[in-house]
Amino acid sequence: MRKFTLEKFANWVIRFRYWIILATVLITVASGYSARKLTINSDLTAFLPRHDPVAELFKEVDKTFQGADLCVIALETGGIFDYATLAEIQEITDAIEKIPGIASVISLTNIIDIRKIEDGIEVGKLIDPDNIPRDPQVLSRLKEYTLSKDMYSGVIISRDGKSTLILARILVDADEVVIAGQIEDAIGKITSRPQSLIKKPYYAGFPFQMRYIDKIIKTDFLGLTPITIFAVMFVLFLSFRTLRGIFLPILTVLFATVWTLGLIHALGREMNMLSSVIPVLLIACGSAYGIHVVNRYYNEVKTSEDKIPGLIQMAKQITVPVFLAALTTQIGFGTFVYASMPPVQETGLFIAAGIGFAFLIAVTFIPASLAVLKVRTAPVKKPGESRMATLVYNFFARFSSFPVKYRWPIIVICIIIALVSISGLPRLTREVNFVEYFKPDSPVRVAENFTREAFGGSQPLLVDVRGDILNPFVLKEMRRMSQYLDTITYVCNPQSVADLIMEANYQLNGRYSIPDTAEGVSNLFLFLEGNEFVDLLVKRGNQEALIQTTLSTYNTKQQLFSVAELQKYFKDHTVGKTKVVDLERLDPATREKVMVNQLDMIGENIVNLVKATAKKQGNPEKMEGSSSLSPKVREILASGTNQPFAGLDQPQKERLSVSLREYLVSPQSEIEIKDGKFIDSMVVAAIGTISNGASDPSRVESALIPLFKAKKIKTSPETISSLTRSLSNRIQEKLNAEEIDLLGQQIIALLPAQFKTDHNFAKYLQGYLWEIHDRRVALPEKFPLGSAPVESEISALFQETGGPVMFNKLYPELVNNMMQSIFLALFLVLILMIIQFKSFQGGLIAMAPISLTVLTNFGIMSYFGVPVDDTTMMVSSIGIGIGIDYTIHFTSRFREELEKTQGNISRALEQTFETTGRAILINAISVTMGFIVLVFSSIVPTQRFGWLLALLMVISSVGSLTLLPALLLSTKMKFIKK
Amino acid sequence: MDKTVKKQKAFFLSLVLLLSFYLLTFTRLSWALTADEVVDKVDTTMREAKDSVGMSKMILVEKDGSERVRQIKAYFKKNPKGDDFTLTRFLSPADVKGVSFLSLSEDEMYLYMPAFGKIRRIASHVKHESFMGTDFSYDDIGKTKYKDDYDSKILEETPAEYVLEASPKPKAEVGYSKIKLWVSKESWIPTKVEFYHPKKGSLLKVLTNSQVEKIQGHWTPRKMVMENVEDKHKTVLEVTEIKYDTGLSSEVFSQRNLKQSE
């Protein structure tokens, strides 16, 4: 029945040969037209799984905060603080600002600087771009100032003062790749001048990465494809030495490739880093079908008379094995249908489709063409005529007896190879970091390395916060998490809007802390709104914010360690869910309990601050052993709040008087008083009301009213109470400040010497200490409060995200996906083999060479340190799909020859080696040559993919020619005789 | 009628025609203003009142259409000797109520934050930054004298308005590469102003003044919309109440007064 169908099919192909050729050409032209419009997707987020919550969050955050639009340009100089260098940075800033798709640029020469001045702040540019200093003294002061500020140092300028960053944001609807190119051009024009002081500009951030990816996709696609074509043509030339022998198989794969590319565009997909290898893979794998068909043609058709019957015979014999070979290869690629990375999935499926096309063209277009073409009388008629053929013939003549003679040693060697490979498996590594995909000398890697070294980090690890961001307790929670993040070994420069608010609070009120009231935060935020940094960190109407950090490593394991440390924090703390209480509304017992919790929290923050500072100072190990620090800090905090008030000493009273007098004579004072003596009496009266270390406005008021009455000063009661509030506040603040100063000194005394001179540390430490005086404090959701009144409950969603978190998610999935696809491929191919041989045992034996190949692949990967990545994960399944072809061709021919020789095994083996063995060898060499071209790719995993696959082809073809016959002979091949 | 009479009539007629033509052209010429004169008129119209006290609703519209509304009260007093005095006070929402901003000059500004009970002096050298999160820069709010900083030319004149293009004077410190104004001939209030990016030269912001009414003899736009064309952010200012020439004393613009609640 089947034979009949194949014969009918063969006749049909020959009858409609002209139509088939025409149709093939027409489809190719149409596909080519469609493929012409193919676009490139250079967005790495396209590699992230679809419908996966971790990936979705990553993409969402990236979109909300426009991560894809941020260009980071690092400039390496001999020293920034020099007139000419600053002028050049200014020129570059200007040049970028002039590019139409740029939304904003932040650089050293346009960054806003807020300085504390007496009683206020001064807002200006850090460096006036119109008046860049030339005086070396001024420049050296500027350097000292800039490097002392945490806002700049290690953020926009490297700590050594030699490199600086320029951040440029691209407008949402502009083309990132184009703009990135324009930025590179604009900067290149300036820095390539002989007088330029910029040693080298580095381009980091998404737009530049995309631009580079775009470039390498094009070079890979346009560069590797022709090389593959030539490599395969060369093998075909050596094998057949006829024009039709070269061109029919190559046209087959070229047509199939064009059809596939046309299909990709027709389905609305784009080319990406992975799918750029589609042409190379299709040309390499698909050429096999044409080779087998043409090889069979030369076997069957020797003279013109043979042509039509020969072609029919050819079609009858070759269609099934070629079909099976194509089907198994399709299975190999098709198993990625379940892969979590969309490009892996798509590339697998499109190649599977392309293989289908190649098969279809090989069994229609090639016979049709051969039917049209005249039979040449001088091709390689018999093996043995050309030198190459002689070599092959002699080799196979000798080789055919080899599996018969050495079948047991072959089997034993294979078992040993398998065992060695298995024992290497534990060494197998994984790689999910996209940056590792670029060559070490690629601009992307070089820029990553540079920014990591000069600025401490490059790859962002983020915490996305959703909720009422301007709620003081959400901000405090962000601050706390930030402080913890800062202690993690590879984490650099955590930054969030909380830092900006604290900085504003520090500038305006002298304390680096988050106020405990919504009013306090809003008052400060009003001042910050519209600031470009705020815009980078808060979005969606203050309902979403980021805690940004970068990692100082792109070693996957170290990145995963950082993620694990962050996840530990999430596990240990009830992040984002708190209730807020007003201490003054609590009964003393509850208040004490709450205060204990509050001091614990402050203590934890301070200890984390110490750890983070030690890390920054470069000796974290010094603090490692100090597990006693925490209780000591805690003790100091408790002493500050529990100690009874000892009364004011004289110098303290003196300092208070100065402060109050200063206020009363200032234009801020509610009442203008010129009488110095009267002011003195007011000051003494106000200080006299201090009781137990606290000042109370009502007590101050009752002390002052008699004085006003005696002096007969007429003023409204509102003015008096406003004045007394001001004075009382001033007293309280001064008292608190002195206490905090003292506590701070006690804590610093516990620490190594370098902490004593670290001004930033002192500033942050005092910020935490101010929280001792917060009236409203946050408690964990489950804190037992009994019936005590809760002022508000706060719920904010904190979620970790960023590249490393994504890798953390992809890391296990990579291997799962790979194993899934390998087992699926093995299973499906096994079923096919069982059906083919109508024997379970036969199926198993047919699987042996390919199973050995897969194991060897892992052995090689383990011993040569080739990591599993999104490309190398595909190698095994593809190897199964292609490698099994050799088994199919071999067994199918062997059965045929066995039938012909009536069971003469050695004769049948010899015949098989001579005919199909030759085709297998040509096939394997041509596929290997095709794959090996991939080592010229610009993408590291593609290179590995290429040589691994090439190696697998060699192993599986050799396996089919050695292990397979050895097994067939040892199992007596009952199934094969059926 | 005889020929001479006819001739005379024709002569007179042509004379009248000629005269009226001259007259028309002449008056026409005398009506036309130079660009400087138009800008002058704009500047004086907008600074006609000696002082003003106004209540406004400020709506900040995000790109996604979400809105934040604030009520502000603004005091203004013309200072013939130097920079004008302004005092801006937030009335709502509750968490910023009482925040006040006093501007006496560029170097002397004061910010009062009731949450901390403190007045802080602010010296700012950055005028092109956003004013408290709005699409107006400190400059847009303070500056009403186009003539001092810009050279103008008339692009177009229609029966109702002048269209001017103003380019910054060589040494002027302005945040734009040029501005375009549509000035109403009736009120001398620009109904629309386009601000162009200082570096790129592309359109950056558009100010639209509408509901222009004569209040106490002063033309007043009751609604101002400043839209940032680039980031699609918008600030709407609606004047709900305004009084001119109330004789505000300088005391209003003092630190002492900054703390007063409304």
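How many residues does the contact take from chain A and from chain B? I looked this up before anything else. The model is predicted, and in it the contact takes 45 residues from chain A and 35 residues from chain B.

**Area.** I next looked up the buried area. Chain A and chain B bury about 3,500 Å² between them, and carbon and sulfur atoms carry 51% of that. On the chain A side, I noted which residues lose the most area to chain B: they are A:Asn523, A:Leu526 and A:Gln668. Together these three make up 19% of what that side buries.

**Polar and charged links.** I found 17 residue pairs in polar contact between the two chains, counting pairs with both residues at pLDDT 80 or more. I also found five salt bridges between chain A and chain B. I looked at one salt bridge, in which the side chain of A:Glu670 meets that of B:Lys259 at 3.1 Å, N to O.

**Elements of chain A.** I then listed which parts of chain A touch chain B. Several elements each supply at least two residues, among them helix H4 (83-97), strand S2 (102-106), helix H17 (497-509) and helix H27 (717-749). Helix H18 (518-528) of chain A gives the most, with eight residues. I sorted the residues of this side by type and got 19 nonpolar, 14 polar and 12 charged.

Which strand of chain B pairs with S4(A)? I found that S4(A) pairs with strand S6 (residues 118-124) of chain B, in the parallel sense and over four bridges. For A:Ile121, I wrote down B:Ile122 as the bridge partner in S6(B).

Definitions and conventions: Residues numbered from 1 in each chain as written. Chains lettered and ligands numbered in written order. Predicted model: local features only at pLDDT ≥ 70, side-chain atom pairs only at ≥ 80, totals over all residues. Heavy atoms only, no water. Contact = heavy atoms within 4.5 Å. Buried area = accessible area lost by both parts, 1.4 Å probe. Salt bridge = Lys/Arg side-chain N within 4 Å of Asp/Glu carboxyl O. Polar contact = N/O pair within 3.5 Å; in protein donor to acceptor, adjacent residues only side chain to side chain. Nonpolar A, V, L, I, M, F, W, Y, C, P; charged D, E, K, R; others polar. Pairing = 2+ DSSP bridges.
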